[in-house]
Structure formats: C-alpha cells, structure tokens
Amino acid sequence: MRGTETTRGTETTRGTEIRLKPRRPWTPGQIVLTLIGAAVSVVFMAPIAAALLTSFKSEAEAAEIPPHWLPEAWTGQAWQALFETGNITNWFVNSLVVSVCVTTVVLVVSALAGYGFARTEFRGKNVLLGVVMAGLMISPAVLGVPLFTTVQQMGMVDTYWGMILPQCAPAAMVYILYKFFQGVPRELEEAAFIDGAGRWRVFFTIVVPLARPSLAAVGIFTFIASWNNFLWPYMVTNNPDLMTMPNGIATVMNSYGIQWAQLMAGGLMAGLPLIVVFVFFQRQIVAGVAHTGLAGQ
C-alpha cells in the first residue's frame, strides 16, 4: 500500500512538474506572424467599427467633414428611425425567404448535376459540361436584360419566384461538387452495386454523406451571394413589400440626401446574419474548400 501511495505521489509530482513547465518563448517568426495577423484583423474590423459608431451619431454629425470616430453625443435616433420609417422586418423576411429557397434549389441541382457529370457516361457529355462551365465566364449583369424579358413573359415580375429562379443557375457550384465527386473512390459505389443497391440509393446513402463538407461550403457560399444580391431583386420587383435587405437599405434617403447614420445602422442589420453564418460555420467553409480541391487550383 505504501509503495502504491508513493508511486501515486511521484506521478502527481511529475504531473505537477509537467504543468508548471514554463512556456517556450516565442520565436521571431511567430511574433512577426502574430503582428501581421493583428494588423490585418484591424484593417478588416475598422469599417465595421466605423459603421457601428456612425450609427449612434445624429444625422448632422454623421454628415460632418472631416469625419471623426467617436460620437460627440451618443444617440439611437438612427436605429429608431430605421425601424419606424423603414420596413426592415419585412425586408429581412424577404431576404431570408429568397436566400433559403435559392440555397435549397442550388444544393439539389448542383449535387445531381455534379454527380451525373462525374459518374455517368452519355453522348455529348463533354459538350454539355463545356456549356455549363462557360457560365463561369459570363457575368450575371450581362444576362440581366434577357433574364428580365423571360421573367416578364412568364408573369413572374413582382413575385418571389421571379427573384428566386434566375439565381438558381449554379455553374460554379456544379463545378465544385463535380470535382469532389470525381475524388470519391468508385470502389465504394461498386461494392454497394454488388450488394444490390441502385444508383439513387448509392447517391443518397453513400455519396451525399461523404459530400457533407462540400455541400455545406456550397450552401454557405450560395446563401451569402443570394443575401447580398442587389441588382436582380432591384430589376425584377417594384413592390416595396417584396424588397430585400440590400434594396430596402438603398431607399434610406429623403429630400436632403442620404441619411448616413440610418444607412450604417441598416448595413449592420443586413450584415449581421452573414457574420453569424461565418462565425458558426467557418469550419465547414474551410473543410469544404479543402475537400473540393479548390485550395490548390
């Protein structure tokens, strides 16, 4: 018993010694990298801090030139006016509905298309894949007029579907999942085929679970792009009740010009969901990019 207690005491002492072992001093390389990282963080956080401080200024103070960082008189008039005069709750709901629907449709379409290109052989496959990839070289702004004409002929102007469907042509997302599915070992699918599984069962029970990191990255990228989209919702709707956050915030002006304090408050409200998405899903973003192979391309 005494030997056991002595042994335990020795282990405890060693454990304490290990815990109390001084940290290694930072190397010059670590110090330089830390300083660079802190400087980059300050550069990226400065606009957010400036917008937050400006939102607590009066409109007269926010329009002063040269501007100053801290408000001379702190006030919440901009936030109060934004909620009273603007329909920000409705804008937020519209953006959420459009972004969620676009993300869902893009995930389904890009997953099926990417898997089809990666695993099936059919006549004209390379030509069709080239047509899809050509969409990466065409700016969405160039397609604005023909898309609007098509939506107008289909009677979808001033509707949710008019804002959603034209954003569901995910050439880049198809390419991301196509590259991922190419890297999935065919042996896994062939083993499932031997056991009697069909193509759809293999896709949903084997391929989709393996593609979760890439699907998460595609979903996050699509949601952010749809949430920030200003041009297309602005073109396709004139109804104030259907405005999204970017379009609604652009209306924050009166006969005296832009209301800068309200504009900063609205911008922070619009960016808050994206900040939350990044904070909670940054691991999925990094893992998705790593799994798709885009980091080395």
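## Basis and confidence

Because the model is predicted, local features need pLDDT of at least 70 and side-chain atom pairs count only at pLDDT 80 or more, while totals for chains, interfaces and linings use all residues. Residues are numbered from 1 along each chain as its sequence is written, and side-chain values use heavy atoms, with hydrogens and water left out.

The average pLDDT (the predictor's confidence in each residue, from 0 to 100) is 81 for the protein, and 86% of the residues score at least 70.

## Overall make-up

The protein contains 15 helices and two strands, which are DSSP runs numbered from the N terminus (helices are H or I with at least four residues, strands are E with at least two). Of the contacts with a separation of 6 or more, 73% are between residues 24 or more positions apart.

Of the 297 residues, 32% are buried, where buried means under 20% relative accessible area, exposed over 50% and partly exposed in between (1.4 Å probe, protein chains only). The protein exposes about 18700 Å², with carbon and sulfur atoms supplying 67% of that area; accessible areas come from the Shrake-Rupley method with a 1.4 Å probe, and for residues only the protein chains shown count as cover.

## Aromatic pairs

The structure holds eleven aromatic pairs, a term for rings of Phe, Tyr and Trp (its six-membered ring) whose centres lie within 6.5 Å, with planes under 30 degrees apart counted as stacked, over 60 as edge-to-face and the rest as tilted. One of them joins Phe92 and Trp227 edge-to-face, at 5.4 Å centre to centre and 75° between the planes. Phe92 lies in helix H5 (residues 88-119) and Trp227 in helix H12 (residues 212-228), so this pair ties together parts that are 135 residues apart in sequence. Phe92 is partly exposed at 29% relative accessibility, whereas Trp227 is buried at 1%.

The rings of Tyr115 and Phe203 form a tilted pair, because their planes are at 50°, with the centres 5.0 Å apart. This pair links helix H5, which holds Tyr115, with helix H11 (residues 199-210), which holds Phe203, across 88 residues. Tyr115 is buried with a relative accessible area of 6%, and Phe203 is buried at 4%. Both residues belong to one aromatic cluster, together with Phe180, Phe181, Trp200 and Phe204.

Technical notes. Contact = heavy atoms within 4.5 Å.
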